[in-house]
Structure formats: structure tokens, C-alpha cells
Amino acid sequence: MAKIRHLMTPSPYSIGVEQPLAEAARRMRAHHIRHLPALRGGQLEGLISERDIALVGSLPSVGLEAITVEEAMSPAPYSVNSDTEIATVVKEMATHKYGSVVVVDEGNVVGIVTTTDCLGMLWDHLTRDGQDTSALRPSAVRRRISEEHVVLRSIIDQIEELARQVIAGEKDALTALRIETRDLYERLRAHIDVEDQILGPALRQTVGFGKEREEQLLSHHAEQREQLTTELAELDNVEGPPLAERIVTFIGDVRDDMSREDRDLLNPQLLKDDPIDVGFGG
Ligand SMILES: [Fe+2]
Ligand SMILES: [Fe+2]
């Protein structure tokens, strides 16, 4: 069985527990990561996530320079040694909803594994050896995409709340708004990729939709990718309330688009496994 050392990102970056949150945020941005093990005297003490920082940043009149990592981190994070079976770790992560696991050998942090790494492994598994994801049944595609829409909607709700705070003049919410929005835009890119890969083929193979509907979906997604690139660039160029207004407009469009997809494409009456099932049986 595969060991966690084969899945982990080795020697991740870390941060001292006494460092300010602003430094943790800088390190995450610089290295495009979302979690940092927090160390005291080289020993693992906690885990600080982008989300923890965003949460503190969203509190009115709290500065990220004034709060230490220790005050915002999750103490005693889930950790395993590098010889642990991947299956054991994934089961623990799923059962307890852990977003990540720190890999520690002989007291030293040697790696980190996040849910994103696990999803990557799942994706490889689904697509390897001719096990073509385009062969997923339409009902499975519908469930998968609908689930992603539910998650995206709840993130959009949170971002709207942050944007409202910024518009209301709460300057401290701006950092969290930027972090969460960047995270959302990256998730949206991944979502569009998944739709291209599994929803496109499902539409093509469904009697009521066909190849043209797939092409329409792909070209709409190409436009959305360009918009996302623009919006990601504007995140760093626009400040304060105008940025918040811009985000509200864009995520409103995204929400409308998901509703249209739910109604027009993910409708169980339309995207169905077998036309023969319609109207028969229970
Ligand atoms: Fe889409
Ligand atoms: Fe979608």
C-alpha cells in the first residue's frame, strides 16, 4: 500500500508561532500555499491556514501585524509519520473534516498533505488506464457538478458578506476579501475544467442535448476563463469599496450562471442515464 510520503509536499514552508499573521499571509502569497505548519523551537505546535487569517482580517479593527500566529492557529494539528498508509490518513481526514495533515518524522516537520493533494490523487485514479471520465454516467456527472455548485455558492455567500463590510467602510475586511476571492476564482477555474472534462461529454451523449450543446458550453467556458484572468489581475489593481463592488457584480454573474446550469443542464429530467427510463417504473 502507498505511504503518505508519496503524496505529501516535502519540506513545506513553516512559520514561528510568535510571528505576526501578516508575515504568515506574505509567506502564503509568495509560495502560493494555503497552510503553514507553526513551529516553536522547531517543533510542530499548530497549523495556520489562509482561512484562519482571513477570519481574523475580517474582524473590525484587528490588524494582521498585531496578532501572532499562535493566537489564530489551530493548535495540535493532525499529524502522522511519513510511513503511514495514505488510506489511513484519507479516512481520518474525511471522518474529522481535516483540511490538511502535517507529516512529522522524529520531531521534524517533513511534509504536508492537503485535501487538494487528495483530490489530485482521486483525479489521477479516475482518469488512469483508459478509465475515461467521459464515460461517467450522466447521473454521476450531474451529482458531481451539483455538489460543486453547492460548495461554490456557500463560498460566494461568505465573500458577499466580506464585500458588504468593505463597502460599509470596514477597511480591515479588505485583506480577507482579497484572499477569499482569489481562492474562489481559482476554484472556479478548476470547476470549469471539470465541467469541460465530464459535463461536455455527458451533454454530447445525451439525446436531448448533443454535440452542439457541448460546443456551446466549451465556448462559454473559454469566455469565463478570460474573465477570470481579468478579475484576478484587478484584485491587485483596484482598492477598497470599488474592488468590493466589482467582486459583488462578478460573483453575482457567477451565481446566475450556476443557476442556469442547474436548471437547463443539471436537471434530472434532461441529463439522464437512459432515455428508456423516462416515464416508466417508479
Ligand atoms: Fe459552467
Ligand atoms: Fe458550473
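This is a predicted model: local features need pLDDT of at least 70, side-chain atom pairs count only at pLDDT 80 or more; totals for chains, interfaces and linings use all residues.

Me: Why is the pair of Tyr78 and Tyr98 called stacked?
Reply: The ring centres of Tyr78 and Tyr98 are 5.0 Å apart and their planes meet at 25°; since centres within 6.5 Å make a pair and planes under 30 degrees apart count as stacked, the pair is stacked. Tyr78 sits in the loop between strand E5 and strand E6, whereas Tyr98 sits in the loop between helix H4 and strand E7, 20 residues apart.

Me: What makes Tyr78 buried, and why does Tyr98 count as partly exposed?
Reply: Tyr78 has a relative accessible area of 17%, and because buried means under 20%, Tyr78 is buried. Tyr98, at 30% relative accessibility, falls between the limits of 20% and 50% and therefore counts as partly exposed.

Me: What makes the pair of Tyr185 and Phe250 edge-to-face?
Reply: The planes of Tyr185 and Phe250 are at 80°, with 5.3 Å centre to centre, and planes over 60 degrees apart count as edge-to-face. Tyr185 belongs to helix H7 and Phe250 to helix H9, so this pair ties together parts that are 65 residues apart in sequence; both Tyr185 and Phe250 are buried.

Me: How do you know that the length of helix H9 agrees with its number of residues?
Reply: At 1.5 Å a residue, the 25 residues of helix H9 should span 36 Å, and the end C-alpha atoms are 36 Å apart, which agrees.

Me: What covers the buried residues of H9?
Reply: The cover includes helix H6, helix H7 and helix H8, and among the buried residues of H9 are Leu243, Ile247, Phe250 and Val254.

Key:
Residues are numbered from 1 along each chain as its sequence is written. Chains are lettered from A and ligands numbered from 1 in the order in which they are written. Side-chain values use heavy atoms; hydrogens and water are left out. Helices (H or I, at least four residues) and strands (E, at least two) are DSSP runs, numbered from the N terminus. The expected span of a helix is 1.5 Å times one less than its number of residues. Buried means under 20% relative accessible area, exposed over 50%, partly exposed in between (1.4 Å probe, protein chains only). Contact means heavy atoms within 4.5 Å. Rings of Phe, Tyr and Trp (its six-membered ring) pair if their centres lie within 6.5 Å; planes under 30 degrees apart count as stacked, over 60 as edge-to-face and the rest as tilted.
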